[in-house]
Amino acid sequence: YDLSGVQVQRAADTIKALDLKNITVEQRNILDVTAEPGRYDYVICHGVYSWVPENVQEKILSICRESLSENGVALVSYNTYPGWHMRESIRGMMRYHARQFEDARVQVTQSRALLDFLVKSVDSEKTSYGMYLASELKLLSSCDDYYIAHEHLERWNAPVYFHQFVERLARHELQYLGESEFSTMVVKNLAAPVAEALSKGIRDVLRMEQYMDFIRNRTFRSTLLCHRERQLDRNVDSSRVTRLFVAGALEPLDSKADLRTAQQESFKALNGVQLQTAVPLTRAAIRILSSAWPRAIPFPDLVASALRLAGSTDPGIGPAAEQRLAADLLQLYAANAVELHSLPSPFVT
């Protein structure tokens, strides 16, 4: 569903061009959506929640509760504090300047010009405010006009703290499951002293998420939620990887490294993260994943291929080799360097 007729028509045209038969789009107000006989395994509400009035926000969560199947998962994205406290000041200035123009395109152009003027006006002072304005200008300069119109000039933009969003979920008998990007939930991805302090002082997942938002000055979340009565197992261990499909593209920085020896080797992921490992089986698996990218490989097949590539003299091969590879892949997933899938994706390369 989408309230914009233009967006609905664009979606319909795309669906027709791709000859897809399992998708329908409708132009409909969220407030007019009623419970349907069927239940859904997934409900996605992206780029809507923060940009609508409170009664529509409540309706979104109500739809999630009424439409999700027993084990269903919903995704709701929204702007968050504390990061948006700083952006709100820029949004306010841009909206003030843009309101004297009627045409939407002119409003966007003028908003860009205002921010550019502000950056030039305070640059010589070298203040934290000037540096922040410059960083926002750099960010927005790469954004399309529609993003600025939606994010900064839209009438509604109501960020919330994470803990406030969780409280709203409870009113609709929903609970926090996690984030669509698992790496953002991993405390160890923070600086070592910070991660240690948080791990020692906080045991509750919800409080941990809120404090990590404070540290990162987070501005946006894509949160997964489910029915409140579902019992969650938050113990993510490497044995789960063995039942999944793995995809990834990591570039070895030394393409001539000998896989038969346990030498330290560095790799660079698509997101720019650099990782090191000396485990021959893991190094071989990384090369196999990269050659197959973007196809996802079943874990048992990946193990077999990595064993062949590493060679029988690999000192890492033994009873615990498979478990070690699974653990390493989980670490790569936590660093957002590989993808894990429950089903294969039919790619043609």
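Is Asp19 buried or exposed? With a relative accessible area of 51%, Asp19 is exposed, since that word applies over 50%, while buried means under 20% and partly exposed covers what falls in between (1.4 Å probe, protein chains only).

## What you're looking at

This is a predicted model, where local features need pLDDT of at least 70 and side-chain atom pairs count only at pLDDT 80 or more, though totals for chains, interfaces and linings use all residues. Residues are numbered from 1 along each chain as its sequence is written, and side-chain values use heavy atoms, with hydrogens and water left out.

The protein has 12 helices and 10 strands. Both are DSSP runs numbered from the N terminus: helices are H or I with at least four residues, strands are E with at least two. Along its principal axes, the C-alpha trace spans about 75 × 60 × 50 Å. Of the 349 residues, 40% are buried. Take the contacts between residues at least 6 apart in sequence: 71% of them join residues at least 24 apart. Contact here means heavy atoms within 4.5 Å.

Helix α10 (residues 280–292) packs against helix α12 (residues 321–334) at an angle of about 55°, and their axes are 10 Å apart. That makes α10 oblique to α12. Oblique is what remains once angles under 35 degrees (roughly parallel), over 145 (roughly antiparallel) and 65 to 115 (roughly perpendicular) are taken out. The axes are lines fitted to C-alpha atoms, for helices over the stretch in contact, and the angles run from 0 to 180 degrees between N-to-C directions.

Who does the touching? From α10 come Leu281, Thr282, Ala285, Ile286 and Leu289, and from α12 come Ala321, Leu325, Asp328, Leu329 and Leu332. Sorted by class, that's 8 nonpolar, 1 polar and 1 charged residues. For this count, Ala, Val, Leu, Ile, Met, Phe, Trp, Tyr, Cys and Pro are nonpolar, Asp, Glu, Lys and Arg are charged, and the others, Gly among them, are polar.

## The nonpolar cores

In soluble globular proteins, nonpolar side chains tend to be buried together. A nonpolar core is a set of buried Ala, Val, Leu, Ile, Met, Phe, Trp, Tyr and Cys residues joined through side-chain atoms within 4.5 Å. The largest one here has 31 residues, and Leu250, Leu302, Leu329 and Leu332 touch the most other members. At least two residues each come from α10, α11 (299–310), α12 and β10 (338–341), with α10 giving the largest share, 7 residues.

Leaving aside neighbours within four places in sequence, Leu332 is in contact with Leu250, Leu275, Ile286, Ala337 and Val338. Apart from that core lies another, of 21 residues, among them Val43, Tyr49, Leu169 and Leu225.

Most residues other than glycine have a negative phi, and most peptide bonds are trans. Now for some exceptions. The Tyr81 to Pro82 bond is cis, with omega near 15°, and Pro82 sits in the loop between β2 (68–79) and α3 (83–98). Trp293 to Pro294 is also a cis bond, with omega near 5°, and Pro294 is in the loop between α10 and β9 (297–298).

Back to Asp19: its phi is near 55°, a positive value, and its place is the loop between α1 (5–18) and β1 (40–45). Glu173 has a positive phi near 55° too, in the loop between α7 (162–171) and β3 (174–179). Glu173 counts as partly exposed, at 35% relative accessibility.
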